[in-house]
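Have the structure open as you read.

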Amino acid sequence: MAFSIKNISLRFNLALLFFLQLISIYQLYRILQINTPVYTNYLREKNKEPTSCDDFIYGCCEIYTGCHFDNNSSIQVNTDYIDWNVIVQKSKNDADCPRVKDIITGYNVYQLEDLSVNDILKEVSSCSVDSYPINDCCSYDYNCDLRYYYDYKKYALQNDFSTIEYEEWFNTSYGLATLYTKPNSMYWDMGTCPSFQEVIHVYEDYIEEGRFDHFIYFNYSCLIFNCLFSLIIIISICKVYCCIKNDRDDSEHTALKSSA
């Protein structure tokens with residue numbers, strides 16, 4: 001019975017070791033793929049180097065930075081795009097694409113990485129309006145981005161209103177996001193507050209850096225864990241094998257002794 005249990009233990013450890021090696025190979029593959037562009041699986045033509053948003057199945061992530069209504073109450077929108085090397089749409093109207101409010105939040109976290117999220121919120125809530133907002137805060141209207149994405153792109157809610165009714169309703173809605181800047185540490189191309197295009201570039205750096213750090217730490221941690229666990233399994237296999245061999249030798253010795 002003991003011999004059978006030891007054989008089962010040996011086979012289980014061998015199977016576990018094989019499984020861990022497969023995981024380690026996958027982790028190595030993932031580490032080697034770190035420079036693979038994030039958009040690779042979403043290209044219309046897999047081997048083509050993208051030159052425009054039309055090269056992607058679902059296009060680029062869009063940000064709507066300005067809305068106005070023409071004389072016919074039809075909405076006109078200014079559109080910016082997130083760099084496809086950072087993120088692209090993975091499905092139609094992909095919810096993973098950031099909205100203006102997400103970009104402002106990412107900017108604040110990235111620029112104030114030495115502070116906790118709660119401390120950042122306190123800093124933002126303490127913002128005051130003065131003649132030198134670079135030393136304090138800037139506000140950005142995210143209403144256009146929010147309303148156009150949900151009302152036009154995702155749910156087509158504007159069809160529930162006439163164009164005039166929707167314009168009137170749109171003009172009564174509002175939303176402001178606060179961008180906090182470190183005192184005396186930011187220099188912008190235009191005026192005191194950064195243009196939103198500059199804010200987008202900072203956000204893209206934040207996403208890329210975070211993705212790289214998470215990717216590296218996670219895969220290397222898994223690989224190290226697998227190596228250590230594999231070493232323990234190998235030692236266990238050796239011990240079980242030695243026990244089985246000793247039992248076999250003892251059985252043969254006993255058999256020879258009995259026959260003598």
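Start with Leu-22, which counts as partly exposed because its relative accessibility is 43%; buried means under 20% relative accessible area, exposed over 50%, and partly exposed in between, with a 1.4 Å probe and protein chains only. Leu-22 sits in helix H1, residues 2-32. (Helices are DSSP runs of H or I with at least four residues, strands are runs of E with at least two, and both are numbered from the N terminus.) Together with Phe-18 and Ile-25, Leu-22 makes a nonpolar surface patch with about 330 Å² of accessible area. Patch members have over 30% relative accessible area and no salt bridge, with nonpolar side chains joined within 5 Å and like charges within 9 Å; a salt bridge puts a Lys or Arg side-chain nitrogen within 4 Å of an Asp or Glu carboxyl oxygen.

A quick word on the source: this is a predicted model, where local features need pLDDT of at least 70 and side-chain atom pairs count only at pLDDT 80 or more. Residues are numbered from 1 along each chain, and side-chain values use heavy atoms, leaving out hydrogens and water.

There's a charged patch too: Asp-83, Asp-205, Glu-208 and Glu-209 gather into a negative one on the surface. Asp-83 belongs to the loop between strand S2 (75-81) and H2, and counts as partly exposed because its relative accessibility is 31%.

Now for Phe-196, in helix H6 (residues 196-259). Phe-196 counts as buried because its relative accessibility is 12%. Phe-196 and Tyr-140 are 56 residues apart in sequence, with 8.2 Å between their C-alphas.

Notes
Areas by Shrake-Rupley, 256 points an atom, 1.4 Å probe, with all protein chains shown as cover. Lys, Arg positive; Asp, Glu negative; His and termini not counted. Charge placed at Lys NZ, Arg CZ, Asp CG, Glu CD.
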